[in-house]
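Subject: Structure handover

Hello,

Here is the structure I said I would pass on. My notes follow below it.

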Amino acid sequence: MSDGTVKALLFVDDEPSLVEFVKELFEDEGYKVHGETDAHTALAYFLEHSDAFDLVITDQTMPGMLGTEFARSLRAVNTTIPIILCTGFSDEIAQKALSEKVVDALLQKPVRAVTLIEAVEARLP
């Protein structure tokens, strides 16, 4: 974040403690973070505030909507927003989403904090 502007992230995971941890982690790094534990709620929020975010991080396995489905919905609204997908296992659906450029990066869980920060910084100007 060398240009001095505050970058905004949307983080979605069904584990509330993980959402809080990632919010604190990135806020300590100078980011603005909106966290959600439900993909449908996150999608509705994104639809209302699509210009407010610079990057999205989502879990793959969530109740009600897979992360890849969520990412496809985001792409329908904003084709250029960077999306990082986190998954706990080698997932053919997630790999396909990466190869089709539905997501920009695929990280295997558990993700180390430094790895997540590096992945975000590599995808933001």
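In the charge count, Lys and Arg are taken as positive and Asp and Glu as negative, while His and the chain ends are not counted. Each charge is placed at NZ of Lys, CZ of Arg, CG of Asp or CD of Glu. On that basis the protein has 10 positive and 22 negative side chains, and the centres of the two sets lie 6 Å apart.

The model is predicted: local features need pLDDT of at least 70 and side-chain atom pairs count only at pLDDT 80 or more, whereas totals for chains, interfaces and linings use all residues. Residues are numbered from 1 along each chain as its sequence is written, and side-chain values use heavy atoms, with hydrogens and water left out.

The fold

The protein has five helices and five strands, where helices (H or I, at least four residues) and strands (E, at least two) are DSSP runs numbered from the N terminus. Their order along the sequence is β-α-β-α-β-α-β-α-β-α. The C-alpha trace spans about 40 × 30 × 25 Å along its principal axes. Of the 125 residues, 45% count as buried, meaning under 20% relative accessible area with a 1.4 Å probe and protein chains only.

One residue

Asn78 sits in the loop between α3 (67-77) and β4 (83-87). Its relative accessibility is 18%, so Asn78 counts as buried. Beyond its neighbours within four places in sequence, Asn78 is in contact (heavy atoms within 4.5 Å) with Phe46 and Ser50.

Regards

Methods
Buried < 20%, exposed > 50% of the residue type's maximum accessible area, 1.4 Å probe, protein only.
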